[in-house]
Amino acid sequence: MLIAVKKKYDIQKLKGLLSAEFEMKDLGAARNILGMEIIRHRERRKLFLSQRSYIQKVLARFGMSSSKPIDTPSAANMHLTAMFAPQSEEEKEYMSRCLVTGYSDSDYAGDVDTRRSMTGYVFTLGGSVVSWKATLQPTVTLSTTEAEYMALTEAAKEGIWLKGLVSDLDDMLIAVKKKYDIQKLKGLLSAEFEMKDLGAARNILGMEIIRHRERRKLFLSQRSYIQKVLARFGMSSSKPIDTPSAANMHLTAMFAPQSEEEKEYIGTSDVGLIYGGDTQCLVTGYSDSDYAGDVDTRRSMTGYVFTLGGSVVSWKATLQPTVTLSTTEAEYMALTEAAKEGIWLKGLMVDTHDQ
């Protein structure tokens, strides 16, 4: 359990209340969470997050423990400008508030080998970085305007997600095995803090939670979010249709919706995830590739799905970044992506068990 409050006194009070009712072990100030080290400079009121231990484990796994560190990432001939930095005390104060602020840019045809452009963005919350990305764009752009548009699109998607996350931060979600423990914990917290009981969770991070208690099933859906997106683009009257197509069907870009009528016809919002408590809580992964499945570019598809206790918790289906020359190479690239995700999920489960 990780406790974060403004005053140290509140932490001691909460730990006292919980330890009086539940069997707990006080591990002291948090030092690790989700693979990250937490280092504090209390005099300077600074908190430092590092993945040093994780990086050292990765280097050891690949026999690179003796590798020499080097300063990154800028090249010697790179020129930066301070014109976008806060200039006045008012601007610095505004940046330090608990606001989500984003910056986006692109480097047109920055990759000398492929002539692909770079997408880059960074988001801050209260002046501290919380999300960032710097990666090559999937296709070659024909102008700086197109490259900027693709970078802004990626940044906008991340900004929308962060906005939804921040809007849900005031809510608390309690998950335990026994309903009695929920009532006890809510009673303890409400006796010490000003709280409003909203009842059983119905929405969290943009997802609807639907329960079938008799069948011991829980259904997660983004129906409301999808309807909001459709309304934003004037497609509220679009008709749902079952997807996907037959397994042997190959699509090209020419089959994409071309008119408003075709766009209105396509869409589904009633699909979701079902979770139950009938199987053992184990992480299981599946991986596959579709060799040269993209008719337009001849790139292969990487696909994987991971389940926890038989319920899906992570999945991906995307085109591979380069054209592979054999099915073996395509499978190897798909397995590499799946293995990285599996390692991360394994670390998450270990940290969750420790906490």
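Tyr 304 and Phe 306 are both buried, where buried denotes a relative accessible area under 20%, exposed denotes over 50%, and partly exposed covers the range in between (1.4 Å probe, protein chains only). The structure is a predicted model, in which local features need a pLDDT of at least 70 and side-chain atom pairs count only at pLDDT 80 or more, while totals for chains, interfaces and linings use all residues. Residues are numbered from 1 along each chain as its sequence is written, and side-chain values use heavy atoms, with hydrogens and water left out.

The aromatic rings come first. A pair of aromatic rings is described by the distance of the centres and the angle of the planes. Here, rings of Phe, Tyr and Trp (its six-membered ring) pair if their centres lie within 6.5 Å; planes under 30 degrees apart count as stacked, over 60 as edge-to-face, and the rest as tilted. A search of the whole structure finds two aromatic pairs.

Attention now turns to the backbone. Helices (H or I, at least four residues) and strands (E, at least two) are DSSP runs, numbered from the N terminus. Two strands pair if DSSP finds at least two bridges between them. Strands of a sheet pair through backbone hydrogen bonds, either parallel or antiparallel. In this model, four strands form an open sheet in the order S7-S8-S9-S10, with antiparallel pairing. Strand S7 (203-204) and strand S10 (272-276) stand at the edges; each has a single partner strand, and therefore one side of each is left without a neighbour in the sheet.

S7 is joined by two bridges to strand S8 (residues 207-212), and the two run antiparallel. Asn 203 has Glu 208 in S8 as its bridge partner. Five bridges then connect S8 to strand S9 (residues 217-221), again in the antiparallel sense. Within this pairing, Ile 210 has Phe 219 in S9 as its bridge partner. S8 and S9 form a hairpin with four residues between them, and Arg 216 in the turn has a positive phi of about 55°. Five bridges also pair S9 with S10, which are antiparallel. There, Ser 221 stands opposite Gly 272 in S10.

Charged side chains provide a further set of contacts. A salt bridge is a side-chain nitrogen of Lys or Arg within 4 Å of a carboxyl oxygen of Asp or Glu. A search of the whole structure finds four salt bridges. One of them joins Lys 133 to Glu 154, with the closest N and O atoms 3.5 Å apart. Because Lys 133 lies in strand S6 (residues 128-136) and Glu 154 in helix H4 (residues 144-167), the pair ties together parts that are 21 residues apart in sequence. Lys 133 is partly exposed, at 31% relative accessibility, and Glu 154 is partly exposed at 26%.

Glu 154 also forms a salt bridge with Lys 157, where the closest N and O atoms are 3.1 Å apart. Lys 157 and Glu 154 are three residues apart in helix H4, so about one helical turn separates them. Lys 157 is partly exposed, at 49% relative accessibility. Together, Lys 133, Glu 154 and Lys 157 are linked in a network of salt bridges.

Another salt bridge connects Lys 316 with Glu 337, the closest N and O atoms being 3.5 Å apart. This pair links distant parts of the chain, since Lys 316 is in strand S13 (residues 311-319) and Glu 337 is in helix H8 (residues 327-354), 21 residues apart. Lys 316 is partly exposed, with a relative accessible area of 30%, and Glu 337 is partly exposed at 27%.
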